[in-house]
Amino acid sequence: MRNLSSYLRVITFVGIALLGIEYLVKTEEGKWAIIENPYAGVFLGIVLLFAIAIEVSIASLKNILYYTMDEAARERYDAKQAEKSKRFVRLKERLQKMMTRSKPVEEEHEIVLDHNYDGIRELDNKLPPWWLYGFYLTILFAAVYLVRFHVFDDYTQKEEYEQEVAEAKAAIEEYKKNNKDLIDLESVQFVTNEDDLSAGKQVYTTNCVACHKADGGGGIGPNLTDKHWILGGGIKNVFKTISKGGRSGKGMVAWENQLSAEEMQQVASYVLTLQGTEPAQPKDPQGEEIWELERDGEGNIITDDK
Ligand code: HEC
């Protein structure tokens with residue numbers, strides 16, 4: 001386990017194992033399985049140890065074989081090894097030459113320039129091709145960029161920014177959709193879009209009409225259409241009453257185990273929109289607290305979160 005190829009073999013082996021782990025072990029996007037999952041890391045460590053162990057065993061096996069060979073065989077083996085390493089050196093030189101096109105030291109006198117500053121002289125080497133083609137690429141890039149953005153006026157930075165913001169907003173919406181229970185006493189909002197309100201009405205019709213009546217006029221439970229509240233109006237209080245229930249023994253149970261947080265937000269919002277409607281048989285107002293919904297000139301509810 002002393003030469004380059006055995007190191008390369010170990011690295012390749014562990015690399016393949018790493019790819020395999022990342023492919024097979026499920027993680028959130030952008031996260032590494034070997035960091036998130038301790039077993040994956042341990043497994044990779046074991047693979048590494050095995051790979052090293054195999055290389056070490058092969059090396060010592062070769063050693064033993066070498067010492068059991070007779071003189072002639074040993075010579076042939078050495079010659080072969082020497083040939084191999086020579087070939088490797090030649091390959092390295094060729095590659096280096098291709099990358100730099102530099103002159104070997106023995107031929108440098110052919111390209112040395114005539115000026116001489118205090119003994120410092122300059123070689124007129126060819127530009128290394130890797131650098132030269134990189135430079136050509138930047139020119140090409142600049143040309144394409146110029147035509148695309150300054151001649152044809154493709155998107156601007158502002159548009160790019162706006163698009164990214166829109167994408168981020170969509171991602172937030174998506175996240176909220178998948179994590180409905182993010183809504184809690186702190187973050188609950190008065191939602192007034194039609195979808196939410198009709199979903200809220202649905203929840204109300206299924207669960208609440210027995211005590212509050214379909215039109216909110218009240219029965220066992222208080223009238224929900226007036227400005228009087230026993231337990232406080234406004235989205236936060238109403239959400240709290242629905243999720244945690246009313247005063248004990250009064251009949252209003254906590255709904256947080258039956259309804260999702262989103263459903264409670266929807267039905268709470270729906271309940272608020274009942275204020276000011278005229279039920280068929282309204283129960284007398286109950287509660288000391290007065291909470292009035294603000295409405296604009298056209299009767300639309302004004303919410304802070306618009
Ligand atoms: C079993 C009957 C019953 C059912 C069903 C019921 N409630 Fe109630 N509700 C009550 C009673 C009784 C009160 C008064 C609680 C108190 O005084 O503490 C009340 C109070 C409330 C209040 C507070 C009113 C105030 O003046 O502060 C809200 C809001 C409310 N209910 C909404 C709902 C919603 C929404 C549902 C359906 C998810 C529902 N209730 C289902 C009986 C019921």
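At what angle do helix 1 (residues 4-24) and helix 3 (residues 38-68) pack, and how far apart are their axes?

**View 1. The packing of helix 1 against helix 3 in the predicted model.** Helix 1 and helix 3 pack at an angle of about 155°, and their axes are 10 Å apart. Because angles over 145 degrees count as roughly antiparallel, the two helices are described as roughly antiparallel to each other. The crossing of helix 1 past helix 3 is right-handed. Helix 1 contributes Ser6, Arg9, Val10, Phe13, Val14, Ala17, Leu18 and Ile21 to the contact, while helix 3 contributes Ala40, Phe43, Leu44, Val47, Leu48, Ala51, Ile52 and Glu55.

**View 2. Helix 6, residues 157-178.** From its first C-alpha to its last, this helix of 22 residues reaches 31 Å, which is close to the 32 Å expected at 1.5 Å a residue. The number of buried residues among the 22 of helix 6 is zero, so helix 6 lies largely in the open.

**View 3. The domains of the protein.** The domain assignment gives domain 1 (1-65), domain 2 (112-151) and domain 3 (194-290). Taken over C-alpha atoms, the centres of domain 1 and domain 3 are separated by 62 Å.

**View 4. The surroundings of Gly276.** Gly276 is found in the loop between helix 10 (261-273) and strand 4 (289-290), and it counts as partly exposed because it has 13 C-beta neighbours inside 10 Å. If its neighbours within four places in sequence are left aside, Gly276 is in contact with Thr225 and Leu293. Gln202, which is 74 residues from Gly276 in sequence, is 20 Å from Gly276 in space, C-alpha to C-alpha.

How values were computed: Residues are numbered from 1 along each chain as its sequence is written. This is a predicted model: local features need pLDDT of at least 70, side-chain atom pairs count only at pLDDT 80 or more; totals for chains, interfaces and linings use all residues. Helices (H or I, at least four residues) and strands (E, at least two) are DSSP runs, numbered from the N terminus. The expected span of a helix is 1.5 Å times one less than its number of residues. A residue is buried if 20 or more other C-beta atoms lie within 10 Å of its own, exposed if 12 or fewer, and partly exposed in between; C-beta atoms are placed from the backbone. Domain bounds come from an automatic or database domain assignment. Axes are lines fitted to C-alpha atoms, for helices over the stretch in contact, and angles run from 0 to 180 degrees between N-to-C directions. Angles under 35 degrees count as roughly parallel, over 145 as roughly antiparallel, 65 to 115 as roughly perpendicular and the rest as oblique. A crossing is left-handed if the near helix is turned anticlockwise from the far one by less than a right angle, and right-handed if clockwise. Two residues are in contact if their C-beta atoms, placed from the backbone, lie within 7 Å.
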